[in-house]
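Hi,

Here is the model I promised to pass on.

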Amino acid sequence: MSWWLPLKASTFAGEIDGLFTAVLIITGIAFVVVEFGLVWFSLKYRSRPGRAAYYTHGNTKAEIIWTAIPAVTVVALGLISNHYWKQMKGRDSVPADSYPIGVHAKQFEWQYTYPGPDGKLGTTDDYTIRNQLHVPVNRNVVVILTSEDVIHSFFVPVFRVKQDAVPGLTIRAWFNATVPGEYELGCAELCGMGHYKMRTRVTVHTQVDFDAWVKTQAQGGSE
Amino acid sequence: MRKFGLVLAVAAGVVGLGAARQSRTPVQGGTVTGKVKFTGVKPAMPKIDMSDETVCAKKYTTPPTDESVIVGPAGGLANVFVYVKAGLPAGATYPAPATPVEIDQDGCRYHPHVLGIMVGQTLAIKNADGILHNIKAKAVKNRPFNVSQPTSMTTPRTFTAPEVMIPLECNVHGWMHAWLAVLPHPFYAVTGADGSFSLKGLPPGTYTIEAWHEKYGTQTATVTVTAGPKTADFTFTGK
Amino acid sequence: MSSLAAAAPRAPTHHDDRTFVQKYIFSTDHKIIGIQFLFLSLLFLFLGGVLAMQIRWQLGFPGQPMPGGGILPETMAPGGVILPEYYIQLVTMHGTFMVFFAIMPLLVGVFANFLIPLKIGAHDMAFPRINMASFWTAFLAGAVMFASFFVPNGAARAGWTMYAPLSARPDLSGADYGQICWCISIVLLGLSSILGSLNYITTIINLRAPGMTWFRMPLSVWCLFVTAILGLLALPVLSGAAIMLLFDQTLGTHFFDPGAGGQVLLWQHLFWFFGHPEVYILILPGMGMVSDIIANGSRKPIFGYHSMVFAIVGIGFLGWIVWGHHMFMSGMNPTLGSTFMVTTMIIAVPSAIKVFNWMGTMWRGNLHFHVPMLNAVGFVAMFVIGGLSGVFMAATPIDMHIHDTYFIVAHLHYVLFGGSLFALFAGITYWFPKMFGKMMNEPIGKIHFWLTMLFFNLVFFPMHILGMAGHMRRIYDPTQYEWLKGYQPMNHFITLAAFALFATQFLFIWNFVWSLFKGRKAEQNPWRDNGLEWTLPNPAPHGNWEKVPTVYRGPYEYSLPGAPDDWYPQSSKLPNDREPAPAPAPAH
């Protein structure tokens, strides 16, 4: 059980975790200042016989300082975040060379359609597997998300990737997995009573293993 | 969807009917028996991949296959629901038995795959697997329902209106399907792998018997029951 | 204006000959209406807590029969084991009960009703009968919502956020009558809110006592004023959306059905366009009461009164343009993700201003930690954590990981429980004497505060860790996931702490009920507060004042140099005070 973020297994993870740490430091400083200040004031200025409060309605300079510093900080955070946001989710963010996988979400399973040996979706060598996502390592992958019935959400924590699958929309989300291994995906939008069981085994293969897997799948897919 | 041809053969027979001395359930009465055969090209049934449900996967030594078309070794078509569609005496009522009809979820499959129940009779939905299944009944004349069973448990349900057929499905395991028919009378049967069925205790009269298959649709036969056994056979053809 | 003032409630000039029913049941007295809201919403707060305990039971002890669960029907918990469809009803209704029938009516229904006329020096609200209608509509809405558990197929179960199409399709959710009940209840509640807002806004604008200028109003009234405007404009959007949802379910319309020309995301836009101002409705009145109480407990004027007003108005305004931050992952245009991120980051600033001003109020004060002051300072300490955790979500790349996880659940509970609920404990204790003429018990209040503070943090702080791990929301059984199995001890721990937190609230319930009957009789101004309400006897009489007071100063003149005491009421005249300019029309 980790007290921190999960294993970093995609190119997004390093950036997101870095941003997370930066926000943690900034908010951590604010947290310490406020909480320590509250405790300090509570002790130092507690009522004692003969004590009088200092009558003042405020201090304009203080107001300006504690308005400006948060304002500048959040605007800076926003600009930095936006840079990564555009890269990860922007309209033109999906790299042109991305390996496409069709992901059709329905109550309560994920159907993954692979492009088969020709690498193109929508051709006769495509095959569909239930609840198993296989991707090659260090390749840009784009999942093309659709939904049969209600809103579901494609979420792989180790990739730090999440995107809702919405009925009536076809949504593309891309990622690049960097660490071979077996991981999990969970549905991240309440979709009915089986929402908690809508998982997928995610396997990141080396390119060689992936090619071999594609070959065996193309020969005899299962339901 | 494959098209299919229709061949119908009917043989006549007579069965004697004793006058009912007691007015209890007519145990005596006419019988209609028959066989449902399959001819033509048997479709290949795809394998079901249960690898992400290990509790179920390990109940099979060979991978399970889709059960929508099951043909026995002698050419009998299984899971055909045969029942009296019309012809029972007007105003006849048949009380629902107190014993429930059971349907079980075992190895992530419904057992039985096709079943019948009477209006007012209890359906006991069991979960031998002990893992989450949900049973969604896409009924139209009855109230549809969708209940989950996260562990081994039995959920009872009853039905108020005749309906042929109510599809049952599990949304956690998308390959799981069953078919439930609700009838106001007890004259129905489901064929086994040998394709045979038997409808007992019919009062004399002319009946429409219907055979229903989930893939090949329905066929009807008209049978007049007077005395002696009657036979009605059906053949479904695959292409 | 003058016709309105002429129609304003008059002081009772005759003996009060109302019947029991007119006095206490169908009352038009704002104070009684406030107390009626208090009892109704405390009941729903308790019920919401009972639902939460069941949720925590399932998460802490997945699949185990719940103690006492045997009384639940087979469709919910056979043998006491919570079914998945019941679990998501619990999750949905916990949120619904708490947001719409506990926190909102406690903050607004109770305190806007009770405090506004008292604090601005009016006899009653501008529209007393509409005010009465506001309570009874809320009561009806609550009854319908509660009843939804008992209709065939049970309560609504698409989360309190009711996303379509799950909420619009009984064949996909399993809920039919319950979903209809939810929609009807929400429309009724929206009506209640709108009727209330009409009163609060009109009363504050028109019925302030002579000398009660805008900038002499207590911050509690400023907050309630801005809250009322938010409510007036936001609730109709929710009601509209709920009606569209109701039509999709019952009349065969297709507003949210993409197969027939509808749009799934339409629901989310409508809901969150309401939903974000709603969360400011759920916090602003608490902030206002906390300002009054911290100034009182510090025996000092509020630091930066004008900045505080600016921040309140700023929050109210900015709250309308951040709603898309609930939808970053929804599939809406990612450019909107950028714009909403900016506005969301900016809205952190007015809240920061308020926190610093509260600290400035305490700085060099003469701090008396009576129970309301403890809870008010607790509010600041916990609200800050909730607000800061919001910064993580506002940064959209981080949100990609933590959206719809327990990180969000932690955030919302820090602001709603750590924030609003502590503010409510403060406010109820503070104005209890004004409502009932008795004091709540101080030692029990202090124990309740410290235990609540302890257990609250033990329950909700670890949820940040769960969220960082990717633990999704609204999950019936986290052990289905290999990567979450290791966090089960943490879920177990949170559950035990939650049981302790719930048990601690019985101290508050006991204190409240016991004090109603056996509490120490309150002196007229037990907190030595400057507000106009404390110039009245406890409890305050029908019509409040015989003659409306005149106001000579702001509400926070504590420790005024030269004053005989460390407080100076708004309506007490010093030799140097000038009479206010004559009002446009007589107020009485």
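In chain B, the C-alpha centres of domain 1 and domain 2 lie 20 Å apart. The assignment gives domain 1 of chain B as 1–18 + 26–91 + 191–239 and domain 2 as 95–184, with bounds that come from an automatic or database domain assignment. Counting heavy atoms within 4.5 Å as contact, 16 residues of domain 1 of chain B and 20 residues of domain 2 of chain B take part.

Before you dig in: this is a predicted model, where local features need pLDDT of at least 70 and side-chain atom pairs pLDDT 80 or more, while totals for chains, interfaces and linings use all residues. Residues are numbered from 1 along each chain as its sequence is written, chains are lettered from A and ligands numbered from 1 in the order written, and side-chain values use heavy atoms, leaving out hydrogens and water.

Now the area. About 1600 Å² is buried between domain 1 and domain 2 of chain B, 65% of it from carbon and sulfur atoms (accessible area, 1.4 Å probe, that two parts lose on being put together, summed over both). On the domain 1 side, Glu67(B), Phe81(B) and Trp212(B) supply 33% of what that domain buries against domain 2, more than any other three residues.

As for charges, the rule finds 3 salt bridges across this interface (side-chain nitrogen of Lys or Arg within 4 Å of a carboxyl oxygen of Asp or Glu). Lys59(B) and Asp129(B) also meet in a salt bridge, at 2.7 Å, N to O.

Cheers
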